[in-house]
Amino acid sequence: MTRILLAVSGGIDSMYLANRAPELFPGARFAVAHCNFALRGAESDADEAFVRAWCAEHGLECFVKRFDTRSYAAEHGISIEMAARDLRYAWFAELRRAGGFDAVAVAHNADDNAETLLLNLLRGTGTRGLRGMGDHDGIVRPLLDIPREDIRAWMTARGLAWRDDSTNADSTPKRNRIRNEVFPIFARINPSFVRTLGEDMRRFARVDDIADSYFRAVREGLTTETGDIRLPAVLALEHWEYVLWRLLEGSGLSGPTFEKLVALLRRYKEAPRGTVTIGGKTFEGTGTVLRIEKELLIIP
């Protein structure tokens, strides 16, 4: 029998997920995981108590973990939001392995997915960032096609309880600003914009799948055993710029720096020349492979 771990914060989306779980995963057995990030004092503790009580009422095992989120964020030099995300998913992975769960279900909905799309666009993204969220690494998101307004209507009609997070009204975090300030403008332009963006993301995903298939088909032989990129082989490809971007993923190269590199390689195809500095990195040599070492982009 399938075992699903439900990630439940106590908010409206996760309580919708918890209440509809038997419909969403017919025949499955469930347990609940609740994260107390200790960011809102008594409010966070009240969320935990609410989830514990709901689980007791419904006969579900409830896993709870309290995190020192602020210390983790300071230690790793990241935002509170990123710290909470890292802590949450690392713990979910531990629970899934230890408890033998088939998947962890989280309550991201269609509005969350649209927010993610806009955030990806604003910070710069490839085609994969246009496909929004999805299921991966044991995480499933069964609510991605359901708008937030539909969730609220369903919960309200049945008189079901949830907890409100007071920080959602704070528009300082980028996601909240999009939700509280940008989305109302979008809704005046197109009341169905969340569904429209969801359809767009599905189309983007199909295009990204085609691009990924192309990359996997041509990537063999493009790098050396040490990871250097064989430039002549890459530059001979019809879509060499996309392939180069994929090969350089994870190198720390920013979008603007990559575009400068592409402009340089267009010249390099015609007449390789000396050393050029782009985006604080140094491009050297007249050889046939591309290597990244710390602050250097090298053609040895």
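**Around the second largest pocket**

User: Which residues lie nearest the centre of the second largest pocket?
Analyst: In this predicted model, 24 residues line that pocket. A pocket here is an open set of points on a 1 Å grid over the protein atoms alone, where a 1.4 Å probe fits, with protein on both sides within 12 Å along at least five of seven lines; lining residues have an atom within 4 Å of a point. Nearest the centre are T125, G126, T127, W245 and E249.

User: Which helix gives the most to the lining of the second largest pocket?
Analyst: Helix 8 (193-218), helix 10 (240-248) and helix 11 (255-270) are the elements giving two or more residues to the lining. Helices are DSSP runs (H or I, at least four residues), numbered from the N terminus. With five residues, the one that gives the most is helix 10.

User: How many residues in the lining of the second largest pocket are polar?
Analyst: Sorted by class, the lining has seven nonpolar and seven charged residues. Gly counts as polar here. The polar residues number 10.

User: From which domains does the lining of the second largest pocket draw at least three residues each?
Analyst: The domain bounds come from an automatic or database assignment. At least three lining residues come from each of domain 1 (3-195) and domain 2 (220-298).

Conventions. Residues are numbered from 1 along each chain as its sequence is written. This is a predicted model: local features need pLDDT of at least 70, side-chain atom pairs count only at pLDDT 80 or more; totals for chains, interfaces and linings use all residues. Side-chain values use heavy atoms; hydrogens and water are left out.
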